[in-house]
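Please keep the sequence and the model at hand while reading.

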Amino acid sequence: MSSAGGADAAKPRPPLPLIFAITVTGITGNTVITPSLPEILTGVGARPELAGLLIGAATLPGIALAPIIGVLADRYGRREVVVPCLALFGIAGGLAALAPNLSVLVGLRLLQGAGSAGLINLAVVLIGDHWEGADRVRILGRNAAVLTSSLAVLPAAGGALTDLAGWRAPFVVYLVGLPAAWFVWRRLPPSIPRDVAIRDQIRGAVPMLRTPAVIGTLGLGFVTFALIFGLLLTALPIHLAEGFGIGPSLRGVFLGLPALANTAVALSIGRFQRFTFRQQLGAAAAMFVVGLGGVAAAPTLLLLVAAIVCFGAGEGLMLPNLQAAAAGAGTDEQRGTIVALFVSAARLGQTLGPIGAGAALGLVGAEGTFAVGAAISAAMLVAIVVRRR
């Protein structure tokens, strides 16, 4: 087993609250500020079309840094990498509250994104290190439920903070990264660095990265996160503000609704294991089609709620399965690298999704943007059904 964090039977498992703290800190990167995007952009004198830039700045660094962080975590240990990531996330995110203009704000968001590049993926790696098989999927489901329940709370909290104290207030939440770093340093045991050259470490993981299973997992991760961050976290707040006249606090409530179904499905993920992996992914993609198509066509808020809840249920089925596939694809010594590449693909989706959604909003409007998302989901469903490997 890997001395850098492998599933060693003699090694105690880390407390789940520690893993969940890493996950929750990482997920705050965009969810806290999304309900307040119109107010933030107005506050720094920016146009609404630049919403995607503000969201994408926090995810762009992870495209390149996530694989590097994964390699470093496999070589030097989990604690030795995740603690600096948490500290950078908290410092840069908190300083964003003082940003005088869009350029400074985007710069601090880029630094914050560099810190977040090692958070959610290393939480998944820690689970992969210490749990196997059905237990691994079950714990990943719990971790996903924590993540999605945070999605239900954090947008509403961010919107309420904006209503109470202005658009700068939500950025103060990011200071949570500092106590989280202290908690991890105290509770996660130190690791013994691996005595292997980084070149050999990467070379050992390359054959796994060429397999259809890993390539498919990375591709589905990219598309899924592009849809989530481009449509639900970027286009939906604009649609709610301009199409329905909804303010920041209530927008936060709406953005948290998909997390209710997501959490329920993620907590019950063990019950779905009687279905094949491909069947579960196909069902999730079908929910994406119905959910995004429903938002595009919804004439009333009630139908819009039903549509985004349907999409949330698809998230709860899709994400734990993809994470389990990434965590189980290689050996203990390769896990951090492979999971980090999955997160890098997800970060690419998180970055390009908001940028693409912002462009689509200007070209075809909100309804057209969600219709495009439904079409992409339908293509993903066909790919899952047709390709059996």
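Helix H5 (residues 79-95) and helix H9 (residues 177-187) have axes that come within 7 Å and cross at roughly 165 degrees. H5 is therefore roughly antiparallel to H9. The H5 and H9 crossing is left-handed. From H5, the residues Arg 79, Val 82, Val 83, Leu 86, Ala 87, Gly 90 and Ile 91 meet Gly 177, Leu 178, Ala 180, Ala 181, Val 184 and Trp 185 of H9. This contact divides into ten nonpolar, two polar and one charged residues.

The model is predicted: local features need pLDDT of at least 70, side-chain atom pairs count only at pLDDT 80 or more, and totals for chains, interfaces and linings use all residues. Residues are numbered from 1 along each chain as its sequence is written, and side-chain values use heavy atoms, with hydrogens and water left out.

Some terms need their cut-offs. Helices (H or I, at least four residues) are DSSP runs, numbered from the N terminus. Axes are lines fitted to C-alpha atoms, for helices over the stretch in contact, and angles run from 0 to 180 degrees between N-to-C directions. Angles over 145 degrees count as roughly antiparallel, under 35 as roughly parallel, 65 to 115 as roughly perpendicular and the rest as oblique. A crossing is left-handed if the near helix is turned anticlockwise from the far one by less than a right angle. Contact means heavy atoms within 4.5 Å. Ala, Val, Leu, Ile, Met, Phe, Trp, Tyr, Cys and Pro count as nonpolar, Asp, Glu, Lys and Arg as charged, and the others, Gly among them, as polar.

Here are the helix pairs of this report.

| Helix pair | Angle | Axes |
|---|---|---|
| H5 and H9 | roughly 165 degrees | within 7 Å |
| H1 and H7 | about 160 degrees | 8 Å apart |
| H11 and H14 | about 155 degrees | 11 Å apart |

H1 and H7 are also roughly antiparallel to each other. Their crossing is left-handed. Leu 18, Ile 19, Ile 22, Thr 23, Gly 26 and Ile 27 in H1 meet Ile 120, Ala 123, Leu 126 and Ile 127 in H7. Eight of these residues are nonpolar, two are polar and none is charged.

H11 and H14 are roughly antiparallel to each other. H11 passes H14 in a left-handed crossing. The residues of H11 that meet H14 include Thr 217, Phe 225 and His 239. Among their partners in H14 are Leu 301, Glu 315 and Ala 326. By class, the contact of H11 with H14 has 17 nonpolar, four polar and one charged residues.

On a 1 Å grid over the protein atoms alone, a cavity is a set of points where a 1.4 Å probe fits but cannot get out, and a pocket is an open set with protein on both sides within 12 Å along at least five of seven lines; lining residues have an atom within 4 Å of a point. Grid points are joined across faces, edges and corners, and a volume is the space filled by probe spheres set on the points.

How many cavities of 30 Å³ or more does the whole structure hold? The search finds three. The largest cavity has a volume of about 470 Å³. Ile 27, Leu 147, Phe 225, Phe 229 and Gln 350 are the closest to its centre, out of 37 lining residues. H11 supplies the largest share of this lining, six residues. The lining has 24 nonpolar, eleven polar and two charged residues.

The second largest pocket has a volume of about 210 Å³. H15 gives the most to its lining, with nine residues.

Note on methods: Helices (H or I, at least four residues) and strands (E, at least two) are DSSP runs, numbered from the N terminus.
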